[in-house]
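Open the model in your viewer and keep the sequence panel beside it. The stops below say what to select next and what is there.

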Amino acid sequence: MSYEVVIGLEIHVQLLTASKMFCACAVRFGAPPNTLTCPVCLGLPGSLPVLNRRAVALGLRTALALGCTVHPVSRFHRKNYYYPDLPKNYQITQYEYKVHPPLATDGTLALDPDGGPAVRIRRVHLEEDTGRLVHQEQDGRVVASLIDYNRSGIPLMEIVTEPDLRSPVDARRFLSRLRAVLQTIEVSSGRLEEGTLRCDANISLRAAGGDLGTRTEVKNMNSLRSVERALAFEADRQERLLASGGRVVQETRHWDERRSVTFASRFKEEAQDYRYFPEPDLVPIAIDAGVLDAARAALPELPDAKRRRYMERFGLSAYDAEQVTSSASVAAFFEAVVALYPQPKVVSNWLTGDVAAFLNAAAKELEDLPVTPGHLAELLQLVDGGTISGRTAKEVLAEMLAGGERPAAIVQRSGLRQISDAAELAAAVDETIAAQPGPAADYRAGKQQALTFLVGQVMRKTQGRANPELVNRLLKERLSS
Amino acid sequence: VVRACLDRIESLDGGIHAFLLVDGDRAMDAARQWDGAYARGESVPPLAGLPVAVKDIICTRGMPTTCGSRLLDGWIPPYDATAVSRLRGAGAILIGKTNLDEFAMGSSTENSAYGPSHNPWDLTRVPGGSSGGSAAAVAAGMVPLALGTDTGGSIRQPAGFTGIVGLKPTYGRVSRYGLVPFASSLDQIGPLAGFVADAALLLQVIAGRDPLDSTSADIPVPDYTAALAAGAAGLRIGIVAEAFGEGLDREVRTAVEEAAAQLAAAGAVLEDVSLPAIEYALPTYYLLATSEASSNLARYDGVRYGLRAPSDTIDEMYTRTRAAGFGSEVKRRIMLGTYALSAGYYEGFFLKAQRVRTLVREDFLRALERVDLVLMPVTPTVAFPIGEKVNDPLAMYLADVYTIPVNLAGLPGISVPCGFSHGLPIGLQLIGRPFDEATVLRAAHAYEQMTEWHLRKPPMILDSLR
């Protein structure tokens, strides 16, 4: 029996605001615990929330970018539950009641920009983040739990999809595309690794044409890659379970990156009754047509439009255009480099190749690095001008990305300049021929491969700095004379 | 003035127990500063040097705020409520914090974890509640002014029971920032005073938009004192038919009807109005207020502040802390509200109550299209004996039957003394249009000027002065 995988995502987006959702405390990372707090985000008796206008504007922008229906009046609700990281023991969020809907509903985001069904967005709503528990352990057991409320009240936007995704690969692709949108409209930094973008997934299997199966909720996926891996594991686990006559239990499962498995929460889950009701401390959010039109007009070019433009104007392949526009910072960088060095395909190759590999390995975004578009343009010009070889350029790039130094300076400092002067290379060529009489004789006897070997030897002698074409020519000259 | 207040508190509060905390030293320091300012002929703010007592559910920076609960015993807020900071800004001297029913839940001040307050007119009787401490303090002459809070009648009912003036402003007129919430959509801070003019003065200072409270209204605050002089002539006053039926004490009824007649004699035009939905106000209130309370009081869990009962697990800590910290009325209301919000009951209880609330408001607003003010008794009876209703919650809830509809409708309402029954004060309630406190105060002032009820003093005060 074959099963179809059914996946829906719940994405929590930390909004790029200067202050928290309901108070003036700063949103900042790495501050000492509980220093970014006030009576409001600590939930002290008598304190009251006041809505952050910018958070609403960012939510609105997202709703428009995802083609949602924005509700002219929406309300906040209280979600009641007890947990120590929740200072009021209720979270201010937006529930989905017919009479007072969340900020926006019913949007879409295409999975494949060239066609195919789009993924439906069920809703976009605003809420506040909780604090963070820090467990102190001694000999493997928790001896104390400390709470840091710096995160309490940080503005979050929740985006919920319909269960329209059909594979872990699609889930990853969707999330990547959503992230690019959020970055492009400057709503979120979109970092899964740092938790500014968090993705939970509901996943179930169903027999072809059958009803939806029992779903599990997978949490703790901290990168695009782990979303794909965790869901692949979970789909496989559910399939084996069903194949062996077992049944899937509805539960929350956590992804363990190190062990590459999902595991069920230790605590037995009870069906929670959150007792939602309208938040009486806040007035409804009213969005009139004027505000909506202004927000729509202010939307920047979205990734799909950008992708089309890159294909048409710069002649990038569909794949390259998708890659370059998958991150707002990469796309912006790309355009800046192209302005200085007008060979879009070369720039795209470098960005999607070496630069992307470096970012992946370092788990960083391009904007975290000290490198500027000017540096990359300069590097490419050095290659074109024959100052350095393509191979050397890769080494220089690695240094540039890590240290932020200008490529010309790196070349100068490290003596990486390509040797393109025949006189300078003559000695190395002669020494190599003298040291390798066998291959030299082979070449003279007509074995072409021997020349390749000799070129390699010269390159080695010069630590790769020799211009390989020149070496080739010099060797041929010497060996045929 | 501060010295006189402190002396009066010293001599009388042993029997009345209006105060939970008296901050005599700081009050005297502040008084001396204002004396200096007066002596130097400096211009001073409107309440300069006037002692004000504050209900102990309104946050005062650096001064304990208990909410009448064991749970917040010793908790000192790091900030002032907006009403308090405005009082300080106007030169008022915070003389102390007054007793109340725990978290403002009650009608007699008997639900205070720190013991009941007593009515200055008869120490065996309740002063009303939940702002009973503030009312008793003003009635006994310990302070000229006090702040109370009113969720279902908690300013007007104790004002009525103790023969003083108490005003609940329109919802949104006074910032709730720093008022520890019982029911956020109903709570309002308001003045208690010996005279209508004093209540107007105090309202003037605390009213107005506050950026820290989203539900505070951005509507201009008129000059309340200037509005007082206009008199009762020409005012149209609606007599609420439903409020003079079964359950109303005969002498209270007579006093309120006579008050209406006096207003008519002064030129007001009386009309009969009908508010059919107020019949359902009491159960509606006890669903909505308790629902909000169940959520508002969830934060008292022992994690961050207040009482914490030692326990091995977090769930045990929650349970023990709340079991030990809350009194029985608070627990009763939390349970009721939790139930009303629960899955399967939300539609039938909470949402239905919301709809009835809308009907009550519409009844009032319809009546107030025809008349300027609506007139009712404040309470069905005069102050009852301490202990009489403490084990009968339903009987206790009925003490607020005429005040609760006004909170549901969000309207301004005042209680002014209008007579006595067996030596105990009776209150007259006047209710106005949204944000029209000026007309409410004007009519109350006109009535006060025609009568002498407000000039009577409790016998114990006269005794103490002898």
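Start in chain B by selecting helix H2 (residues 24-39), which lies across S1 and strand S3 (93-98) of chain B and runs at about 155° to S3(B). Helices (H or I, at least four residues) and strands (E, at least two) are DSSP runs, numbered from the N terminus. Axes are lines fitted to C-alpha atoms, for helices over the stretch in contact, and angles run from 0 to 180 degrees between N-to-C directions.

Next, select helix H15 (residues 437-450) of chain B, which packs on the sheet and touches strand S5 (165-168), strand S9 (373-377), strand S10 (413-421) and strand S11 (424-431) of chain B. The direction of H15(B) makes about 20° with that of S10(B). Contact means heavy atoms within 4.5 Å.

A note on the source: this is a predicted model, in which local features need pLDDT of at least 70 and side-chain atom pairs count only at pLDDT 80 or more, while totals for chains, interfaces and linings use all residues. Residues are numbered from 1 along each chain as its sequence is written, chains are lettered from A and ligands numbered from 1 in the order in which they are written, and side-chain values use heavy atoms, with hydrogens and water left out.

Now show the strands of chain B. They include an open sheet of 11 strands with mixed pairing, in the order S1-S3-S2-S4-S6-S5-S10-S11-S9-S7-S8. From one strand to the next, the twist averages 30°. Two strands pair if DSSP finds at least two bridges between them. Val240(B) stands opposite Val273(B) in S8(B).

Move to helix H9 (residues 281-296) and helix H11 (residues 328-341) of chain B, whose axes come within 7 Å and cross at roughly 100°. H9(B) and H11(B) are therefore roughly perpendicular to each other (under 35 degrees counts as roughly parallel, over 145 as roughly antiparallel, 65 to 115 as roughly perpendicular and the rest as oblique). On the H9(B) side, select Tyr286(B), Leu287(B), Thr290(B), Ser291(B) and Ser294(B); among the residues they meet in H11(B) are Arg333(B), Ile334(B) and Gly337(B).

Stay in H11(B) and select Glu329(B). Is Glu329(B) buried or exposed? Glu329(B) is buried, with a relative accessible area of 7% (buried means under 20%, exposed over 50%, partly exposed in between, with a 1.4 Å probe and protein chains only). Leaving aside neighbours within four places in sequence, Glu329(B) is in contact with Met105(B), Asn111(B) and Tyr397(B).

For contrast, select Glu258(B) in helix H8 (residues 250-265) of chain B. At 49% relative accessibility, Glu258(B) counts as partly exposed. Glu258(B) and Arg357(B) are 99 residues apart in sequence and 31 Å apart in space, C-alpha to C-alpha.

Finish in chain A, with an open sheet of three strands in the order S5-S4-S15 and antiparallel pairing. Strand S5 (90-93) and strand S15 (277-278) of chain A each have a single partner strand, so one side of each is left without a neighbour in the sheet. Four bridges join strand S4 (residues 77-80) of chain A to S5(A), where Tyr90(A) is the bridge partner of Asn80(A).
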